[in-house]
Amino acid sequence: MKKILNMSVVALAVSMSISGCNNNESTNDETLVDENVAVSQEVASEVKQETVTDTYSRFDIYAPFTLTSDLSHLSNNQKEMIGLLIDAGKIMDGLFWKVAYGDRDSLLNSIKDPKARRFAEINYGPWDRLDANSVFIEGAAEKSKGASYYPSDMTKAEFEAWEQEGKDGLYSLVRRNETGDLHLQPYSVAFEKELTEASNLLKKAATLADNAEFKKYLELRALALISDEYQASDMAWMDMKTNPIEVVIGPIETYEDQLFGYRAAFSTYVLIKDLAWSDKLSKYAAFLPELQKGLPVDEKYKQEMPGTDSDLNAYDIVFYAGDSNAGSKTIAINLPNDEEVQLAKGTRRLQLKNAMKAKFDKILVPIAEQLIAPEQRKHLTFDAFFGNTMFHEVAHGLGIKNTLDGSGTVRAALKETASALEEGKADILGLYMISELFKKGEIAEGEVMDNYVTFLAGIFRSVRFGATSAHGKANMVRFNYFKDKGAFNYNVKTGHYSVNFDKMTEAMNSLSSLILTLQGNGDYTGVKNLLDTKGVVSQQLAND
(Lines give C-alpha, C1' and ligand atoms only; values in the text may rest on other atoms or scores of the structure.)
Protein backbone atom coordinates (compact mmCIF):
# COMPACT_ATOMS: atom_id res chain seq x y z
CA MET A 1 0.00 0.00 0.00
CA LYS A 2 1.20 3.46 -0.66
CA LYS A 3 0.62 7.13 0.00
CA ILE A 4 1.25 9.46 -2.89
CA LEU A 5 3.08 12.69 -3.65
CA ASN A 6 2.50 14.39 -6.96
CA MET A 7 5.90 14.28 -8.55
CA SER A 8 7.08 13.03 -11.90
CA VAL A 9 10.55 11.96 -12.82
CA VAL A 10 12.51 14.39 -14.96
CA ALA A 11 15.83 12.56 -14.68
CA LEU A 12 14.82 8.91 -14.88
CA ALA A 13 18.46 7.86 -15.16
CA VAL A 14 20.75 8.66 -12.23
CA SER A 15 24.41 8.58 -13.18
CA MET A 16 26.21 6.25 -10.84
CA SER A 17 29.63 6.90 -12.36
CA ILE A 18 31.02 8.95 -9.51
CA SER A 19 32.11 12.38 -10.68
CA GLY A 20 34.68 14.66 -9.20
CA CYS A 21 32.44 17.70 -8.99
CA ASN A 22 31.46 19.28 -5.67
CA ASN A 23 27.81 19.90 -6.48
CA ASN A 24 24.92 18.03 -8.02
CA GLU A 25 24.52 19.30 -11.54
CA SER A 26 21.85 18.02 -13.92
CA THR A 27 22.94 17.44 -17.51
CA ASN A 28 20.25 16.34 -19.96
CA ASP A 29 18.69 13.23 -18.43
CA GLU A 30 21.47 12.46 -15.95
CA THR A 31 22.28 13.69 -12.47
CA LEU A 32 25.99 13.80 -11.68
CA VAL A 33 26.86 12.53 -8.25
CA ASP A 34 29.51 13.73 -5.82
CA GLU A 35 31.18 10.77 -4.16
CA ASN A 36 30.93 12.18 -0.65
CA VAL A 37 27.74 14.21 -0.80
CA ALA A 38 24.58 12.82 -2.31
CA VAL A 39 22.79 10.96 -5.00
CA SER A 40 19.86 12.90 -6.36
CA GLN A 41 16.94 12.38 -8.67
CA GLU A 42 15.35 15.46 -10.22
CA VAL A 43 11.60 15.20 -10.13
CA ALA A 44 8.71 17.45 -10.96
CA SER A 45 6.40 18.42 -8.14
CA GLU A 46 2.80 19.35 -8.77
CA VAL A 47 2.37 22.71 -7.04
CA LYS A 48 -0.72 24.14 -8.64
CA GLN A 49 -3.99 22.92 -10.04
CA GLU A 50 -6.20 24.81 -12.46
CA THR A 51 -9.75 24.24 -13.60
CA VAL A 52 -9.32 24.30 -17.34
CA THR A 53 -11.16 23.25 -20.44
CA ASP A 54 -8.16 23.41 -22.75
CA THR A 55 -6.04 20.41 -21.83
CA TYR A 56 -2.92 22.03 -23.26
CA SER A 57 -2.93 24.50 -20.38
CA ARG A 58 -2.36 21.57 -18.02
CA PHE A 59 1.01 20.72 -19.54
CA ASP A 60 2.68 23.20 -17.17
CA ILE A 61 1.17 21.95 -13.90
CA TYR A 62 4.43 20.26 -12.85
CA ALA A 63 7.37 22.20 -11.41
CA PRO A 64 10.85 20.75 -10.81
CA PHE A 65 12.12 19.62 -7.44
CA THR A 66 15.34 17.74 -6.67
CA LEU A 67 15.50 14.97 -4.08
CA THR A 68 18.91 14.27 -2.52
CA SER A 69 20.45 11.86 -0.04
CA ASP A 70 23.79 11.66 1.73
CA LEU A 71 25.89 8.70 0.51
CA SER A 72 29.05 9.45 2.46
CA HIS A 73 28.47 6.57 4.90
CA LEU A 74 28.21 3.96 2.12
CA SER A 75 31.02 1.70 0.95
CA ASN A 76 32.22 1.58 -2.66
CA ASN A 77 30.44 -1.76 -3.11
CA GLN A 78 27.20 -0.25 -1.82
CA LYS A 79 27.47 2.69 -4.20
CA GLU A 80 28.08 0.32 -7.10
CA MET A 81 25.10 -1.75 -5.97
CA ILE A 82 22.82 1.30 -6.20
CA GLY A 83 23.66 1.60 -9.89
CA LEU A 84 22.74 -2.04 -10.51
CA LEU A 85 19.45 -1.66 -8.64
CA ILE A 86 18.57 1.41 -10.69
CA ASP A 87 19.35 -0.47 -13.90
CA ALA A 88 16.96 -3.24 -12.80
CA GLY A 89 14.40 -0.55 -11.99
CA LYS A 90 14.59 0.84 -15.50
CA ILE A 91 13.50 -2.58 -16.76
CA MET A 92 10.48 -2.46 -14.43
CA ASP A 93 9.73 0.98 -15.85
CA GLY A 94 9.56 -0.43 -19.36
CA LEU A 95 7.31 -3.28 -18.24
CA PHE A 96 4.91 -0.86 -16.58
CA TRP A 97 4.68 1.04 -19.87
CA LYS A 98 3.71 -2.23 -21.57
CA VAL A 99 0.85 -3.05 -19.19
CA ALA A 100 -0.33 0.55 -18.73
CA TYR A 101 -0.27 1.57 -22.38
CA GLY A 102 1.67 -0.61 -24.81
CA ASP A 103 4.46 0.58 -27.12
CA ARG A 104 6.09 3.53 -25.34
CA ASP A 105 8.37 4.60 -28.20
CA SER A 106 5.66 4.59 -30.85
CA LEU A 107 3.50 6.87 -28.69
CA LEU A 108 6.25 9.32 -27.76
CA ASN A 109 7.67 9.47 -31.28
CA SER A 110 4.22 10.33 -32.63
CA ILE A 111 3.87 13.42 -30.41
CA LYS A 112 5.43 16.54 -31.96
CA ASP A 113 4.63 19.04 -29.19
CA PRO A 114 7.51 18.70 -26.65
CA LYS A 115 5.28 19.68 -23.74
CA ALA A 116 2.68 17.09 -24.71
CA ARG A 117 5.39 14.46 -25.14
CA ARG A 118 6.84 15.25 -21.69
CA PHE A 119 3.34 15.06 -20.22
CA ALA A 120 2.87 11.63 -21.80
CA GLU A 121 6.14 10.47 -20.24
CA ILE A 122 4.99 11.64 -16.82
CA ASN A 123 1.62 9.91 -17.19
CA TYR A 124 2.85 6.73 -18.93
CA GLY A 125 0.37 7.22 -21.73
CA PRO A 126 -1.94 9.78 -23.34
CA TRP A 127 -4.10 10.14 -20.21
CA ASP A 128 -3.87 12.78 -17.51
CA ARG A 129 -3.74 10.69 -14.33
CA LEU A 130 -4.49 13.71 -12.15
CA ASP A 131 -7.58 14.64 -14.15
CA ALA A 132 -9.67 11.46 -14.10
CA ASN A 133 -7.48 9.92 -16.84
CA SER A 134 -8.78 12.39 -19.42
CA VAL A 135 -7.30 12.01 -22.91
CA PHE A 136 -4.89 14.81 -23.86
CA ILE A 137 -3.62 13.44 -27.18
CA GLU A 138 -6.00 13.88 -30.09
CA GLY A 139 -7.17 10.54 -31.46
CA ALA A 140 -6.04 8.49 -28.46
CA ALA A 141 -8.51 6.01 -27.02
CA GLU A 142 -9.89 6.37 -23.50
CA LYS A 143 -7.92 4.55 -20.83
CA SER A 144 -9.17 1.01 -20.32
CA LYS A 145 -10.08 0.17 -16.73
CA GLY A 146 -8.28 -3.12 -17.17
CA ALA A 147 -5.21 -1.46 -18.73
CA SER A 148 -3.54 -4.15 -20.87
CA TYR A 149 -4.08 -6.92 -18.34
CA TYR A 150 -7.20 -8.23 -20.09
CA PRO A 151 -8.41 -8.59 -23.70
CA SER A 152 -9.95 -5.31 -24.84
CA ASP A 153 -13.17 -7.09 -25.86
CA MET A 154 -13.58 -8.99 -22.57
CA THR A 155 -16.55 -8.06 -20.37
CA LYS A 156 -16.71 -8.35 -16.60
CA ALA A 157 -19.53 -10.85 -16.97
CA GLU A 158 -17.41 -13.07 -19.22
CA PHE A 159 -14.54 -13.02 -16.73
CA GLU A 160 -16.77 -13.75 -13.75
CA ALA A 161 -18.39 -16.70 -15.56
CA TRP A 162 -14.97 -18.09 -16.52
CA GLU A 163 -14.19 -21.20 -14.47
CA GLN A 164 -10.43 -20.98 -14.14
CA GLU A 165 -8.34 -21.58 -11.04
CA GLY A 166 -6.10 -18.61 -10.22
CA LYS A 167 -7.92 -16.21 -12.52
CA ASP A 168 -7.71 -13.52 -9.81
CA GLY A 169 -3.95 -14.00 -9.41
CA LEU A 170 -1.53 -11.12 -9.10
CA TYR A 171 1.11 -12.25 -11.58
CA SER A 172 -0.57 -13.19 -14.84
CA LEU A 173 -2.17 -11.62 -17.90
CA VAL A 174 -5.54 -12.71 -19.27
CA ARG A 175 -5.38 -13.44 -22.98
CA ARG A 176 -7.39 -15.22 -25.69
CA ASN A 177 -6.13 -18.41 -27.34
CA GLU A 178 -6.55 -19.39 -31.00
CA THR A 179 -10.16 -20.39 -30.43
CA GLY A 180 -11.02 -17.13 -28.68
CA ASP A 181 -11.24 -18.63 -25.19
CA LEU A 182 -9.67 -16.88 -22.20
CA HIS A 183 -6.43 -18.23 -20.77
CA LEU A 184 -3.76 -17.09 -18.30
CA GLN A 185 -0.26 -16.08 -19.32
CA PRO A 186 2.18 -15.79 -16.38
CA TYR A 187 4.31 -12.67 -16.19
CA SER A 188 7.43 -14.88 -16.24
CA VAL A 189 6.37 -16.12 -19.68
CA ALA A 190 4.95 -12.89 -21.13
CA PHE A 191 8.00 -10.85 -20.08
CA GLU A 192 10.64 -13.57 -19.96
CA LYS A 193 13.43 -11.57 -21.63
CA GLU A 194 13.05 -8.45 -19.47
CA LEU A 195 12.55 -10.30 -16.19
CA THR A 196 15.55 -12.54 -16.82
CA GLU A 197 17.69 -9.46 -17.40
CA ALA A 198 16.42 -7.81 -14.21
CA SER A 199 16.93 -11.05 -12.29
CA ASN A 200 20.58 -11.19 -13.39
CA LEU A 201 21.13 -7.61 -12.23
CA LEU A 202 19.77 -8.45 -8.77
CA LYS A 203 22.03 -11.51 -8.60
CA LYS A 204 25.01 -9.31 -9.46
CA ALA A 205 23.97 -6.79 -6.81
CA ALA A 206 23.76 -9.63 -4.28
CA THR A 207 27.45 -10.41 -4.82
CA LEU A 208 28.27 -6.89 -3.61
CA ALA A 209 26.11 -7.12 -0.46
CA ASP A 210 27.93 -7.34 2.87
CA ASN A 211 24.66 -7.76 4.79
CA ALA A 212 23.58 -11.42 4.90
CA GLU A 213 19.84 -10.67 5.10
CA PHE A 214 19.96 -8.21 2.20
CA LYS A 215 22.01 -10.66 0.13
CA LYS A 216 19.41 -13.39 0.74
CA TYR A 217 16.56 -11.06 -0.17
CA LEU A 218 18.20 -10.02 -3.44
CA GLU A 219 18.85 -13.65 -4.39
CA LEU A 220 15.27 -14.70 -3.61
CA ARG A 221 13.80 -11.65 -5.38
CA ALA A 222 15.91 -12.48 -8.43
CA LEU A 223 14.39 -15.97 -8.41
CA ALA A 224 10.87 -14.58 -7.89
CA LEU A 225 11.06 -12.41 -11.00
CA ILE A 226 11.52 -15.47 -13.22
CA SER A 227 9.20 -17.84 -11.32
CA ASP A 228 6.22 -15.65 -10.28
CA GLU A 229 6.68 -17.01 -6.73
CA TYR A 230 7.16 -13.96 -4.52
CA GLN A 231 6.23 -15.11 -1.02
CA ALA A 232 9.68 -16.41 -0.05
CA SER A 233 11.32 -13.13 -1.03
CA ASP A 234 8.60 -11.21 0.85
CA MET A 235 9.38 -13.26 3.96
CA ALA A 236 13.09 -12.55 3.50
CA TRP A 237 12.37 -8.85 3.05
CA MET A 238 10.59 -8.87 6.42
CA ASP A 239 13.78 -10.20 8.02
CA MET A 240 16.00 -7.56 6.39
CA LYS A 241 15.95 -4.46 8.57
CA THR A 242 19.49 -3.22 9.13
CA ASN A 243 20.85 -2.61 5.65
CA PRO A 244 21.44 1.08 4.75
CA ILE A 245 20.21 0.49 1.18
CA GLU A 246 16.68 -0.66 0.28
CA VAL A 247 15.13 -1.80 -2.95
CA VAL A 248 11.48 -2.63 -3.52
CA ILE A 249 11.14 -4.14 -6.97
CA GLY A 250 8.73 -6.24 -9.01
CA PRO A 251 4.96 -6.42 -9.52
CA ILE A 252 3.53 -4.96 -6.31
CA GLU A 253 0.40 -2.79 -6.18
CA THR A 254 -2.89 -3.45 -8.02
CA TYR A 255 -4.10 0.14 -8.54
CA GLU A 256 -3.56 0.05 -12.31
CA ASP A 257 -6.13 -2.77 -12.62
CA GLN A 258 -9.27 -0.67 -12.11
CA LEU A 259 -11.45 -3.40 -13.61
CA PHE A 260 -10.99 -5.93 -10.80
CA GLY A 261 -8.02 -4.79 -8.72
CA TYR A 262 -6.37 -8.20 -9.13
CA ARG A 263 -3.26 -7.71 -11.29
CA ALA A 264 -0.04 -6.26 -9.85
CA ALA A 265 1.92 -3.54 -11.64
CA PHE A 266 5.69 -3.36 -12.02
CA SER A 267 7.42 -0.82 -9.83
CA THR A 268 10.76 0.07 -8.23
CA TYR A 269 11.99 2.17 -5.32
CA VAL A 270 15.68 2.58 -4.50
CA LEU A 271 16.09 4.01 -1.01
CA ILE A 272 18.76 5.14 1.45
CA LYS A 273 17.99 4.61 5.14
CA ASP A 274 17.86 7.66 7.42
CA LEU A 275 19.34 6.15 10.58
CA ALA A 276 18.53 9.05 12.94
CA TRP A 277 14.84 9.28 12.03
CA SER A 278 14.48 5.50 11.97
CA ASP A 279 15.59 5.31 15.61
CA LYS A 280 12.77 7.73 16.52
CA LEU A 281 10.15 5.53 14.84
CA SER A 282 11.22 2.06 15.93
CA LYS A 283 9.07 1.79 19.08
CA TYR A 284 5.60 2.24 17.57
CA ALA A 285 5.13 -1.12 15.82
CA ALA A 286 5.11 -2.87 19.22
CA PHE A 287 1.76 -1.22 20.03
CA LEU A 288 -0.12 -2.89 17.16
CA PRO A 289 -1.63 -5.82 19.13
CA GLU A 290 -2.79 -3.51 21.94
CA LEU A 291 -4.29 -1.02 19.50
CA GLN A 292 -5.98 -3.84 17.55
CA LYS A 293 -7.78 -4.90 20.74
CA GLY A 294 -9.00 -1.34 21.31
CA LEU A 295 -10.42 -0.72 17.82
CA PRO A 296 -13.84 1.01 17.95
CA VAL A 297 -15.75 -1.95 16.43
CA ASP A 298 -17.46 -5.15 17.60
CA GLU A 299 -15.10 -7.81 18.95
CA LYS A 300 -15.63 -10.24 16.06
CA TYR A 301 -14.07 -7.76 13.61
CA LYS A 302 -10.77 -7.54 15.51
CA GLN A 303 -9.99 -11.16 16.33
CA GLU A 304 -7.07 -11.36 13.87
CA MET A 305 -3.85 -10.33 15.58
CA PRO A 306 -1.29 -8.44 13.48
CA GLY A 307 2.26 -9.75 13.46
CA THR A 308 4.57 -8.13 15.99
CA ASP A 309 7.62 -8.36 13.74
CA SER A 310 6.67 -5.14 11.94
CA ASP A 311 8.96 -2.14 11.92
CA LEU A 312 9.02 1.53 10.98
CA ASN A 313 11.91 3.26 9.29
CA ALA A 314 12.63 6.53 7.48
CA TYR A 315 14.35 6.66 4.09
CA ASP A 316 15.42 9.04 1.37
CA ILE A 317 14.09 8.03 -2.05
CA VAL A 318 16.66 8.29 -4.85
CA PHE A 319 14.88 6.45 -7.68
CA TYR A 320 11.27 5.80 -8.70
CA ALA A 321 10.18 3.64 -11.64
CA GLY A 322 6.99 2.21 -13.08
CA ASP A 323 3.78 2.28 -11.08
CA SER A 324 5.32 4.32 -8.24
CA ASN A 325 6.38 6.92 -10.77
CA ALA A 326 3.18 7.37 -12.81
CA GLY A 327 1.76 10.86 -12.36
CA SER A 328 1.81 10.91 -8.58
CA LYS A 329 4.61 9.72 -6.32
CA THR A 330 4.70 7.44 -3.34
CA ILE A 331 5.74 9.04 -0.04
CA ALA A 332 5.28 6.02 2.24
CA ILE A 333 5.17 2.28 1.72
CA ASN A 334 3.53 -0.50 3.70
CA LEU A 335 4.51 -3.93 2.41
CA PRO A 336 4.24 -6.78 1.69
CA ASN A 337 0.62 -7.02 0.56
CA ASP A 338 0.51 -10.82 0.92
CA GLU A 339 -2.04 -11.49 3.67
CA GLU A 340 -0.27 -14.67 4.78
CA VAL A 341 3.01 -12.82 5.23
CA GLN A 342 1.22 -10.04 7.10
CA LEU A 343 -0.36 -12.45 9.56
CA ALA A 344 2.90 -14.34 10.02
CA LYS A 345 5.34 -11.44 10.26
CA GLY A 346 3.41 -8.19 10.01
CA THR A 347 4.57 -5.54 7.56
CA ARG A 348 7.37 -3.05 7.12
CA ARG A 349 6.61 0.65 6.88
CA LEU A 350 8.97 2.81 4.90
CA GLN A 351 8.56 6.57 5.25
CA LEU A 352 10.11 8.51 2.36
CA LYS A 353 11.15 11.56 4.33
CA ASN A 354 12.75 13.74 1.65
CA ALA A 355 9.78 13.31 -0.69
CA MET A 356 7.41 13.93 2.22
CA LYS A 357 9.14 17.18 3.18
CA ALA A 358 8.93 18.37 -0.43
CA LYS A 359 5.22 17.67 -0.45
CA PHE A 360 4.63 19.45 2.86
CA ASP A 361 6.58 22.60 1.95
CA LYS A 362 5.62 22.93 -1.71
CA ILE A 363 2.06 21.64 -1.78
CA LEU A 364 0.30 21.22 1.56
CA VAL A 365 1.29 24.46 3.29
CA PRO A 366 0.37 26.77 0.37
CA ILE A 367 -3.03 25.05 0.04
CA ALA A 368 -3.64 25.27 3.81
CA GLU A 369 -2.89 29.00 3.73
CA GLN A 370 -5.80 29.34 1.30
CA LEU A 371 -8.34 27.04 2.95
CA ILE A 372 -7.60 26.55 6.68
CA ALA A 373 -8.91 29.20 9.11
CA PRO A 374 -6.06 31.56 10.16
CA GLU A 375 -6.45 30.77 13.87
CA GLN A 376 -5.85 27.05 13.24
CA ARG A 377 -2.86 27.34 10.89
CA LYS A 378 -0.48 27.15 13.87
CA HIS A 379 -1.45 23.49 14.05
CA LEU A 380 0.05 22.76 10.61
CA THR A 381 3.36 21.02 11.33
CA PHE A 382 5.67 18.71 9.40
CA ASP A 383 5.87 16.39 12.41
CA ALA A 384 2.08 16.00 12.31
CA PHE A 385 2.12 15.43 8.56
CA PHE A 386 4.92 12.88 8.92
CA GLY A 387 3.02 11.18 11.75
CA ASN A 388 -0.27 11.06 9.83
CA THR A 389 1.46 9.51 6.84
CA MET A 390 3.47 7.08 8.96
CA PHE A 391 0.50 5.84 10.95
CA HIS A 392 -1.54 5.46 7.75
CA GLU A 393 0.97 2.78 6.79
CA VAL A 394 1.00 1.23 10.27
CA ALA A 395 -2.79 1.06 10.22
CA HIS A 396 -2.80 -1.22 7.17
CA GLY A 397 -1.74 -3.91 9.65
CA LEU A 398 -4.84 -3.38 11.81
CA GLY A 399 -8.36 -4.64 11.25
CA ILE A 400 -9.29 -7.75 9.35
CA LYS A 401 -7.76 -9.52 6.34
CA ASN A 402 -10.23 -12.39 5.92
CA THR A 403 -14.03 -12.23 5.82
CA LEU A 404 -15.95 -13.54 8.81
CA ASP A 405 -17.87 -16.11 6.76
CA GLY A 406 -14.64 -17.92 5.91
CA SER A 407 -15.06 -17.44 2.17
CA GLY A 408 -11.61 -15.89 1.66
CA THR A 409 -9.76 -12.60 1.81
CA VAL A 410 -11.37 -9.19 2.08
CA ARG A 411 -9.52 -8.19 -1.09
CA ALA A 412 -11.12 -10.98 -3.10
CA ALA A 413 -14.60 -10.34 -1.69
CA LEU A 414 -14.57 -6.59 -2.36
CA LYS A 415 -13.07 -6.87 -5.87
CA GLU A 416 -12.31 -3.50 -7.48
CA THR A 417 -13.59 -1.61 -4.41
CA ALA A 418 -11.06 -3.24 -2.07
CA SER A 419 -8.19 -0.79 -2.61
CA ALA A 420 -10.28 2.34 -2.04
CA LEU A 421 -11.80 0.99 1.18
CA GLU A 422 -8.43 -0.27 2.44
CA GLU A 423 -6.86 3.16 1.86
CA GLY A 424 -9.78 4.76 3.68
CA LYS A 425 -9.32 2.34 6.56
CA ALA A 426 -5.62 3.11 6.82
CA ASP A 427 -6.19 6.88 6.85
CA ILE A 428 -8.85 6.81 9.54
CA LEU A 429 -7.24 4.13 11.74
CA GLY A 430 -3.93 5.95 11.47
CA LEU A 431 -5.59 8.98 13.04
CA TYR A 432 -7.19 6.72 15.66
CA MET A 433 -3.76 5.29 16.56
CA ILE A 434 -2.28 8.77 16.97
CA SER A 435 -5.13 9.78 19.27
CA GLU A 436 -4.67 6.66 21.40
CA LEU A 437 -0.89 7.05 21.64
CA PHE A 438 -1.30 10.67 22.74
CA LYS A 439 -3.64 9.45 25.50
CA LYS A 440 -1.03 6.90 26.61
CA GLY A 441 1.70 9.55 26.62
CA GLU A 442 3.68 7.64 24.00
CA ILE A 443 3.67 10.68 21.70
CA ALA A 444 4.91 13.66 23.66
CA GLU A 445 5.65 16.24 20.95
CA GLY A 446 2.89 18.56 19.78
CA GLU A 447 -0.81 17.89 20.37
CA VAL A 448 -3.60 15.87 18.74
CA MET A 449 -5.08 19.04 17.24
CA ASP A 450 -1.92 19.37 15.12
CA ASN A 451 -2.66 16.00 13.56
CA TYR A 452 -6.35 16.78 13.07
CA VAL A 453 -5.79 20.12 11.29
CA THR A 454 -2.91 18.77 9.22
CA PHE A 455 -5.09 15.75 8.37
CA LEU A 456 -7.85 18.03 7.04
CA ALA A 457 -5.31 20.05 5.03
CA GLY A 458 -3.99 16.77 3.63
CA ILE A 459 -7.44 15.90 2.32
CA PHE A 460 -7.56 19.20 0.41
CA ARG A 461 -4.15 18.41 -1.09
CA SER A 462 -5.40 15.06 -2.36
CA VAL A 463 -8.96 15.74 -3.47
CA ARG A 464 -8.05 18.45 -5.95
CA PHE A 465 -7.28 15.57 -8.34
CA GLY A 466 -10.80 14.21 -8.04
CA ALA A 467 -11.88 10.75 -7.00
CA THR A 468 -10.54 8.53 -9.77
CA SER A 469 -7.82 6.68 -7.87
CA ALA A 470 -8.21 4.46 -4.80
CA HIS A 471 -6.67 7.19 -2.66
CA GLY A 472 -8.91 9.85 -4.22
CA LYS A 473 -12.08 7.89 -3.51
CA ALA A 474 -10.91 7.20 0.04
CA ASN A 475 -10.25 10.89 0.62
CA MET A 476 -13.67 11.92 -0.64
CA VAL A 477 -15.52 9.31 1.41
CA ARG A 478 -13.77 10.59 4.50
CA PHE A 479 -14.29 14.27 3.66
CA ASN A 480 -18.02 13.86 2.98
CA TYR A 481 -18.52 11.61 6.00
CA PHE A 482 -16.77 14.16 8.22
CA LYS A 483 -18.83 16.95 6.70
CA ASP A 484 -22.09 15.10 7.44
CA LYS A 485 -20.98 14.52 11.04
CA GLY A 486 -19.98 18.16 11.62
CA ALA A 487 -16.27 17.30 12.08
CA PHE A 488 -15.31 20.65 10.57
CA ASN A 489 -16.93 24.05 10.14
CA TYR A 490 -17.08 25.99 6.88
CA ASN A 491 -17.16 29.80 6.76
CA VAL A 492 -19.11 30.70 3.62
CA LYS A 493 -17.90 34.32 3.66
CA THR A 494 -14.16 33.56 3.89
CA GLY A 495 -14.08 30.07 2.35
CA HIS A 496 -12.10 28.81 5.34
CA TYR A 497 -12.44 25.45 7.11
CA SER A 498 -11.81 24.79 10.80
CA VAL A 499 -11.73 21.52 12.77
CA ASN A 500 -14.39 20.79 15.39
CA PHE A 501 -12.27 18.64 17.74
CA ASP A 502 -14.96 16.67 19.61
CA LYS A 503 -17.11 15.95 16.56
CA MET A 504 -14.07 14.98 14.52
CA THR A 505 -13.12 12.45 17.20
CA GLU A 506 -16.65 10.99 17.10
CA ALA A 507 -16.64 10.86 13.28
CA MET A 508 -13.23 9.19 13.30
CA ASN A 509 -14.49 6.39 15.55
CA SER A 510 -17.80 5.83 13.76
CA LEU A 511 -16.20 5.78 10.29
CA SER A 512 -13.57 3.32 11.59
CA SER A 513 -16.36 1.02 12.76
CA LEU A 514 -18.26 1.29 9.48
CA ILE A 515 -15.24 0.46 7.32
CA LEU A 516 -14.08 -2.47 9.46
CA THR A 517 -17.61 -3.90 9.46
CA LEU A 518 -17.90 -3.65 5.68
CA GLN A 519 -14.53 -5.37 5.29
CA GLY A 520 -15.26 -8.14 7.77
CA ASN A 521 -18.61 -8.86 6.14
CA GLY A 522 -17.09 -8.83 2.67
CA ASP A 523 -19.99 -6.51 1.82
CA TYR A 524 -19.28 -5.62 -1.80
CA THR A 525 -22.68 -3.98 -2.31
CA GLY A 526 -22.30 -1.90 0.84
CA VAL A 527 -18.85 -0.71 -0.13
CA LYS A 528 -19.99 0.09 -3.66
CA ASN A 529 -22.83 2.18 -2.26
CA LEU A 530 -20.49 4.01 0.13
CA LEU A 531 -18.03 4.86 -2.64
CA ASP A 532 -20.77 5.87 -5.09
CA THR A 533 -22.56 8.15 -2.63
CA LYS A 534 -19.63 9.57 -0.61
CA GLY A 535 -16.71 9.20 -3.00
CA VAL A 536 -17.61 12.27 -5.06
CA VAL A 537 -16.38 15.86 -5.22
CA SER A 538 -19.07 18.47 -4.54
CA GLN A 539 -19.19 21.67 -6.56
CA GLN A 540 -18.41 23.75 -3.47
CA LEU A 541 -15.28 21.75 -2.74
CA ALA A 542 -14.25 21.86 -6.40
CA ASN A 543 -14.57 25.64 -6.32
CA ASP A 544 -12.57 25.86 -3.10
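## Model and confidence

This is a predicted model in which local features need pLDDT of at least 70 and side-chain atom pairs count only at pLDDT 80 or more, while totals for chains, interfaces and linings use all residues. Residues are numbered from 1 along each chain as its sequence is written, and side-chain values use heavy atoms, leaving out hydrogens and water.

The average pLDDT (the predictor's confidence in each residue, from 0 to 100) is 86 for the chain, and 88% of the residues score at least 70. Over residues 3–40 pLDDT stays under 50, and the model has 141 contacts (heavy atoms within 4.5 Å) beyond four places in sequence for this stretch. Residues 44–55 also have pLDDT below 50, with 41 contacts beyond near neighbours in sequence.

## Helices α15 and α18

Helix α15 spans residues 418–439 and helix α18 residues 501–521. Helices are DSSP runs of H or I with at least four residues, and strands are runs of E with at least two, numbered from the N terminus. The axes of α15 and α18 come within 9 Å and cross at roughly 135°. Axes are lines fitted to C-alpha atoms, for helices over the stretch in contact, with angles from 0 to 180 degrees between N-to-C directions.

Residues of α15 including Leu421, Ile428 and Tyr432 meet residues of α18, among them Met504, Leu511 and Ile515.

## An aromatic pair

The whole structure holds 32 aromatic pairs (rings of Phe, Tyr and Trp, its six-membered ring, with centres within 6.5 Å; planes under 30 degrees apart count as stacked, over 60 as edge-to-face and the rest as tilted). The ring centres of Phe479 and Tyr497 are 6.2 Å apart and the planes lie at 65°, so this pair is edge-to-face. Phe479 belongs to helix α17 (residues 470–484) and Tyr497 to strand β17 (residues 496–499), so the pair ties together parts 18 residues apart in sequence.
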